[in-house]
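Work through the exercises below with the model open. Each task is followed by a stepwise solution.

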Amino acid sequence: LEVYEIGPLNNTFTDVLTDNSAYSSVSVLIGFLVIFRTQQSYSRFWDGCRYLKEMQAEWFMTGSNLFAFTRSKPTAEPAAVRAFQD
């Protein structure tokens with residue numbers, strides 16, 4: 001690794017470039033951020049799956065009720081219905 005003379009900060013840059021603690025600190029930070037983001041995305045994925053299943057159940061219930069309440073034949077006499085309504 002070549003380091004060019006850039007002024008009075010040359011020794012500081014050389015120390016940072018050759019010091020392993022700077023690299024390990026950055027690696028720990030990047031690792032933490034990657035793990036945090038992965039956990040967030042995993043949680044959001046399963047939340048989306050749960051909401052999708054809830055929506056599917058609601059649509060199924062709506063369809064079931066629609067069929068259940070529209071398939072019956074009127075068996076009551078119209079006069080009995082009018083008497084009941086009055």
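A salt bridge is a side-chain nitrogen of Lys or Arg within 4 Å of a carboxyl oxygen of Asp or Glu. This is a predicted model, where local features need pLDDT of at least 70, side-chain atom pairs count only at pLDDT 80 or more, and totals for chains, interfaces and linings use all residues. Residues are numbered from 1 along each chain as its sequence is written, and side-chain values use heavy atoms, with hydrogens and water left out.

**Exercise 1. Salt bridges**

Find the salt bridges of the whole structure and state how they are linked.

Solution. 
- Step 1: The search over the whole structure returns 2 salt bridges.
- Step 2: Take Asp 47 and Arg 50. Their side chains form a salt bridge at 3.6 Å, N to O. Both residues sit in helix α2, 3 residues apart, about one turn of the helix. Helices (H or I, at least four residues) and strands (E, at least two) are DSSP runs, numbered from the N terminus.
- Step 3: Take Glu 54 and Arg 50. Here the N to O distance is 3.5 Å. The two residues are 4 residues apart in helix α2, so about one helical turn separates them.
- Step 4: Join the pairs. Asp 47, Arg 50 and Glu 54 form a network of salt bridges.
- Step 5: Check exposure. Buried means under 20% relative accessible area, exposed over 50%, partly exposed in between (1.4 Å probe, protein chains only). Asp 47 is partly exposed at 30%. Arg 50 is partly exposed at 40%. Glu 54 is partly exposed at 41%.

**Exercise 2. Aromatic pairs**

Classify the ring pair of Phe 32 and Phe 36, then that of Phe 45 and Trp 46.

Solution. 
- Step 1: A pair of aromatic rings is described by the distance of the centres and the angle of the planes. Rings of Phe, Tyr and Trp (its six-membered ring) pair if their centres lie within 6.5 Å; planes under 30 degrees apart count as stacked, over 60 as edge-to-face and the rest as tilted.
- Step 2: Count. The whole structure holds 3 aromatic pairs.
- Step 3: For Phe 32 and Phe 36, the centres are 6.4 Å apart and the planes stand at 20°, so this pair is stacked. Both lie in helix α2 (residues 20-70), 4 residues apart, about one helical turn. Phe 32 is exposed at 54% relative accessibility. Phe 36 is partly exposed at 42%.
- Step 4: For Phe 45 and Trp 46, the centres are 5.0 Å apart and the planes stand at 75°, so this pair is edge-to-face. Phe 45 is partly exposed at 48%. Trp 46 is partly exposed at 45%.
- Step 5: Ring pairs join Tyr 42, Phe 45 and Trp 46 into a cluster.

**Exercise 3. Surface**

Which residues make the nonpolar surface patch of about 420 Å²?

Solution. 
- Step 1: Define it. Patches are made of residues with over 30% relative accessible area and no salt bridge: like charges are joined within 9 Å, nonpolar side chains (Val, Leu, Ile, Met, Phe, Trp, Tyr) within 5 Å. Areas come from the Shrake-Rupley method with a 1.4 Å probe; for residues, only the protein chains shown count as cover.
- Step 2: The patch consists of Leu 29, Phe 32, Leu 33 and Phe 36. Leu 29 lies in helix α2.
- Step 3: Turn to the chain. Of its 86 residues, 1% count as buried.

**Exercise 4. Layout and confidence**

Give the element pattern, then find where the mean pLDDT is lowest and highest.

Solution. 
- Step 1: The chain has 3 helices and 0 strands. Along the sequence the pattern is α-α-α.
- Step 2: pLDDT is the predictor's confidence in each residue, from 0 to 100. The chain mean is 82, and 74% of residues reach 70 or more.
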